[in-house]
Amino acid sequence: MTHLLRTLAPLLAAESKAEAPAAGVEAGDLEQAVWLRLLERLRDDDAPTHPADWLRRAVRAEARRARRAALRERPYRGEEADEARDATPESTALTTERRRAVRAAVRRTPGHCPRLLTAMLDPTDPTYREIAGELGISQGSLGPMRSRCLGCLRRMLAAEVPATTPRGRVRETDRWTR
């Protein structure tokens, strides 16, 4: 096994170095993920019959996985720092307007939603236990209430977003008249 690992190391390094920039990951991270996949296969007694070919395919598969993950992932902490660094007057105005619109929509939500959503938007990022204590409700009912409130907020904000085309959405009856 050590001979296999020693033999494949230069190939893996070269393949990872070639695929990493397009995947938006470090070559070392890509290498590590492929080594892990290989070791898992060896542990399951499922050694590849053509290790070099398998390694090339595995590097490309891990690169695709990293690209897909990068499309789904969004930064959580430090978001304001990134915005401040790239801030232009226009982007600052748009960000401020977007936050104002969200805060205004939060205030218009029904029932306990304004207090719940305001607590969730708190920059200190309180835990469910802290939010439940602040609102005087059980922690178990916080999740379903949060889902309802976010759904209400989503519908309110969707109604305020202008149509992407000049004509707006096509109604079912309009499809047949064109």
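Predicted model: local features only at pLDDT ≥ 70, side-chain atom pairs only at ≥ 80, totals over all residues.
**Largest core.** I looked up the largest nonpolar core first. It has 15 residues. Leu-116, Leu-117, Ile-131, Leu-135, Leu-142, Cys-149 and Leu-153 touch the most other members. I then asked which helices supply at least two residues each. They are helix 5 (89-108), helix 6 (113-120), helix 7 (128-135) and helix 8 (139-160). Helix 8 gives the most, with six residues.

**Leu-153.** I listed its contacts, leaving aside neighbours within four places in sequence. Leu-153 is in contact with Val-102, Ala-105, Val-106, Thr-109 and Leu-117.

**Second core.** I also found a separate core of 14 residues. Among its members are Ala-23, Leu-30, Leu-38 and Ala-66.

**Glu-19.** This residue is in helix 1 (residues 2-23). Is Glu-19 buried or exposed? Its relative accessible area is 18%, so I count Glu-19 as buried, the cut-off being under 20%. I checked what Glu-19 touches, not counting residues up to four places away in sequence. The list is Leu-30, Val-59, Arg-60, Ala-63 and Arg-67. Leu-30 is also in the second core.

**Helix 6 with helix 7.** I turned to the packing of this pair. The angle is about 145 degrees, and the axes are 10 Å apart. The crossing is right-handed. From helix 6, Arg-115, Leu-116, Ala-119 and Met-120 take part. They meet Ile-131, Glu-134 and Leu-135 of helix 7. By class, I noted five nonpolar, no polar and two charged residues in this contact.

Conventions
Residues numbered from 1 in each chain as written. Heavy atoms only, no water. Core = buried A, V, L, I, M, F, W, Y, C linked by side-chain atoms within 4.5 Å. Buried < 20%, exposed > 50% of the residue type's maximum accessible area, 1.4 Å probe, protein only. Helix = DSSP H or I, 4+ residues; strand = E, 2+ residues; numbered from the N terminus. Contact = heavy atoms within 4.5 Å. Axes fitted to C-alpha atoms, helices over the stretch in contact; angles between N-to-C directions. Left-handed = near helix turned anticlockwise from the far one by under 90°. Nonpolar A, V, L, I, M, F, W, Y, C, P; charged D, E, K, R; others polar.
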